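The following exercises concern one protein chain. Study its sequence and structure, then work through each solution in order.

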Amino acid sequence: RADREQLYTLFDAVAGCMCFRSDANFVLVRIPSKQAQPLTEYLKSHGIVVKMFSEDEFRDCVRITLGTQDQNQKLFRAIRSFFFSPS
């Protein structure tokens with residue numbers, strides 16, 4: 001639960017992102033359209049796989065499944081690096 005809240009907080013700090021809160025072991029996040037595919041590719045390059053959707057109602061959404069604390073920390077570092085590290 002704490003890791004899910006941390007993920008919500010992380011995405012809340014990213015302009016244009018919107019988390020759909022739930023009690024599930026995954027988080028659905030709408031990402032700004034220009035960043036959705038690059039984020040997915042970036043995470044994949046770091047060994048993190050997320051699910052992208054092609055359905056219109058879920059366009060630009062990714063589903064991120066939470067794992068172990070170590071896996072989640074790796075995910076959080078990668079997301080911070082993608083959105084907040086200078087290019």
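Helices (H or I, at least four residues) and strands (E, at least two) are DSSP runs, numbered from the N terminus. The model is predicted: local features need pLDDT of at least 70, side-chain atom pairs count only at pLDDT 80 or more, and totals for chains, interfaces and linings use all residues. Residues are numbered from 1 along each chain as its sequence is written, and side-chain values use heavy atoms, without hydrogens and water.

**Exercise 1.** State how many helices and strands the chain has, and give the order of its elements.

Solution. Step 1: the chain contains three helices and four strands. Step 2: read from the N terminus, the order is α-β-β-α-β-β-α. Step 3: the radius of gyration (taken over C-alpha atoms) is compared with the globule rule, 2.2 Å times the number of residues to the power 0.38. The chain has a value of 12 Å, close to the 12 Å that the rule gives for 87 residues, so it is as compact as a globular protein of that length.

**Exercise 2.** Describe how α1 and α3 are placed relative to each other.

Solution. Step 1: axes are lines fitted to C-alpha atoms, for helices over the stretch in contact, and angles run from 0 to 180 degrees between N-to-C directions. Step 2: the axes of α1 (residues 2-12) and α3 come within 11 Å and cross at roughly 0°. Step 3: α1 is therefore roughly parallel to α3, a term for angles under 35 degrees. Step 4: in contact (heavy atoms within 4.5 Å), the residues from α1 include Leu7 and Phe11, and those from α3 include Leu75 and Phe76.

**Exercise 3.** Locate Asp60 and comment on its phi angle.

Solution. Step 1: Asp60 belongs to the loop between β3 (51-52) and β4. Step 2: its phi is near 70°, which is a positive value in a residue other than glycine.

Conventions. Angles under 35 degrees count as roughly parallel, over 145 as roughly antiparallel, 65 to 115 as roughly perpendicular and the rest as oblique.
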